[in-house]
Amino acid sequence: MKRKTRRLYMVLVGLCALGAVAAIVLAALEDDIVFFFSPTEIMEKDVIPADQRIRIGGLVESGSVTKAADGVTNLFSVTDMANTIEVQYKGILPDLFREGQGVVTEGYFQGKTLLADEVLAKHDENYMPPEVAEALKKSGKWKEGEPISEALKNGHVPDDAKPAKEY
Amino acid sequence: MAFNINAFANPKRFMWLSALLLPWVAVITVLATAAGLYFALFDSPVDYQQGETVRIMYIHVPAATMSIAIYVSMAIASAMGLIWKHPLSDLAAKCMSPIGAAFTFLALITGSLWGKPMWGTWWVWDARLTSELLLLFLYMGHMALLNAFDDPSRGTKSAGILCIVGVINVPIIKFSVDWWNTLHQPASLMKSGGPAIHPDMLLPLGLMWLCFMGYFVLVLFIRMRSEIIASKVRALRLRQVHG
């Protein structure tokens with residue numbers, strides 16, 4: 001075998017071995033790599049110690065957002081459509097926070113309620129002008145939270161929804 | 001072999017080809033930058049959720065794409081340098097890493113500036129952000145290793161090996177948002193089902209990508225050309241001294 005060919009095989013074999021090692025390590029560490037758990041994953045866990053910080057992510061359940069009697073504590077539920085977890089959070093909510101929005105909350109469990117000290121908003125992968133979003137919603141072709149690529153690809157953006165040229 | 005890749009490994013031919021291409025790349029870069037910035041800042045719609053903040057995307061997304069694309073090119077160049085000992089591919093890898101590091105830094109900074117108003121935080125240790133930070137460290141390690149030895153060829157070899165090993169990080173960055181729960185949203189552009197970005201926003205995004213791509217090629221050519229010229233000058237000086 002020529003030296004060049006041998007070097008080529010060494011690089012290829014080395015890369016394959018490294019890739020396998022990386023895949024195994026990442027699979028083993030999955031619980032540490034995920035940024036948050038869904039409510040269902042939390043339910044499936046046995047006992048969560050009261051002194052363990054935990055992040056849960058999901059959608060803010062519609063109709064669940066209220067204020068506590070003290071006027072500053074926000075109460076809402078985070079859901080993944082299968083399970084729901086109640087959250088208490090004292091502080092200012094991010095701008096994107098609203099019902100149906102994806103959020104990640106972090107804090108300690110007290111009973112079945114998460115006492116959060118941080119609420120972060122997630123946003124989805126869709127980017128479009130507000131008029132288009134409005135028109136798509138009205139036409140029933142798209143619901144907030146779904147990917148819009150199909151709607152855009154099929155030319156479902158109605159003509160009257162073309163944004164006026166005043167940005 | 002009908003197509004001989006070795007033909008491009010000739011520095012003389014590279015000097016000729018790059019001199020020919022440089023003005024065209026420069027013109028394309030300037031035009032794409034002007035048009036891209038105009039559309040990105042003035043003539044594109046606001047986002048239905050994010051409002052004006054969406055304009056950060058026109059810097060952030062192309063910078064992040066370039067940070068990965070340059071790393072892959074660098075790994076290919078390093079592999080060719082290690083396997084076939086082409087001096088020009090070693091030189092290419094050496095000249096690429098500072099440019100790639102700059103784009104990675106830009107992606108991280110703009111992402112942080114975008115994260116604060118949208119997510120509510122400058123930084124979180126989620127898989128996407130952490131793996132992109134690792135990419136910056138890989139670039140910096142590559143630059144450091146290149147200059148860590150008195151004998152430059154040893155530096156080139158160790159930096160090349162580091163670069164090839166680090167390519168494992170590339171699929172991790174790309175698919176981190178699909179494999180794990182992250183705060184970062186999934187891909188908008190390179191996803192099945194087509195882009196989830198309105199065409200009016202895709203136009204400035206494409207132009208800015210062309211601008212970054214042109215800038216990369218431009219700076220890479222200039223860096224490689226000056227390195228080749230510098231080594232020629234060194235050789236001439238040596239010949240004078242020993243001549």
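α1(A) and α2(B) are oblique to each other, that is, neither under 35 degrees (roughly parallel), nor over 145 (roughly antiparallel), nor 65 to 115 (roughly perpendicular). Their axes come within 8 Å and cross at roughly 140°. Axes here are lines fitted to C-alpha atoms, for helices over the stretch in contact, and angles run from 0 to 180 degrees between N-to-C directions. Helices (H or I, at least four residues) and strands (E, at least two) are DSSP runs, numbered from the N terminus.

This is a predicted model, in which local features need pLDDT of at least 70, side-chain atom pairs count only at pLDDT 80 or more, and totals for chains, interfaces and linings use all residues. Residues are numbered from 1 along each chain as its sequence is written, while chains are lettered from A and ligands numbered from 1 in the order in which they are written.

**Between the chains**

In α1(A), A:K4, A:R7, A:L8 and A:V11 meet B:A79, B:L82, B:I83 and B:W84 of α2(B). Contact means that C-beta atoms, placed from the backbone, lie within 7 Å. By class, this helix contact has six nonpolar, no polar and two charged residues. Ala, Val, Leu, Ile, Met, Phe, Trp, Tyr, Cys and Pro count as nonpolar, Asp, Glu, Lys and Arg as charged, and the others, Gly among them, as polar.

The whole contact takes 39 residues from chain A and 41 residues from chain B. On the side of chain A that touches chain B, α1 (3-28), β6 (113-121), α4 (130-139) and α5 (149-153) each supply at least two residues. The largest share, eight residues, comes from α1(A). That side of chain A has 26 nonpolar, five polar and eight charged residues.

**Chain B**

Chain B has seven helices and zero strands. Its C-alpha trace spans about 70 × 40 × 35 Å along the principal axes. Of its 243 residues, 41% count as buried (20 or more other C-beta atoms within 10 Å; exposed is 12 or fewer, partly exposed in between). Among contacts in chain B with a separation of 6 or more, 74% join residues 24 or more positions apart.

Helix α2 (residues 57-84) packs on helix α7 (residues 199-242) of chain B at about 45°, with axes 9 Å apart. α2(B) and α7(B) are therefore oblique as well. On the α2(B) side the contact includes B:M57, B:Y58 and B:I70; on the α7(B) side it includes B:P204, B:L205 and B:F216. The residues divide into 14 nonpolar, one polar and no charged. B:L205 touches B:M57, B:Y58, B:V61 and B:I197, leaving aside residues up to four places away in sequence.

**Cores**

A nonpolar core is a set of buried Ala, Val, Leu, Ile, Met, Phe, Trp, Tyr and Cys residues joined through C-beta atoms within 7 Å. The largest has 62 residues, and B:I70, B:M74, B:M96, B:L205, B:M208 and B:F212 touch the most other members. α4 of chain A is among the elements giving two or more residues to this core. α2(B) gives the largest share, 17 residues. A second, separate core of 27 residues includes A:F35, A:V87, A:A121 and B:W114.

Most residues other than glycine have a negative phi. Two exceptions follow.

Note on methods: Two residues are in contact if their C-beta atoms, placed from the backbone, lie within 7 Å.
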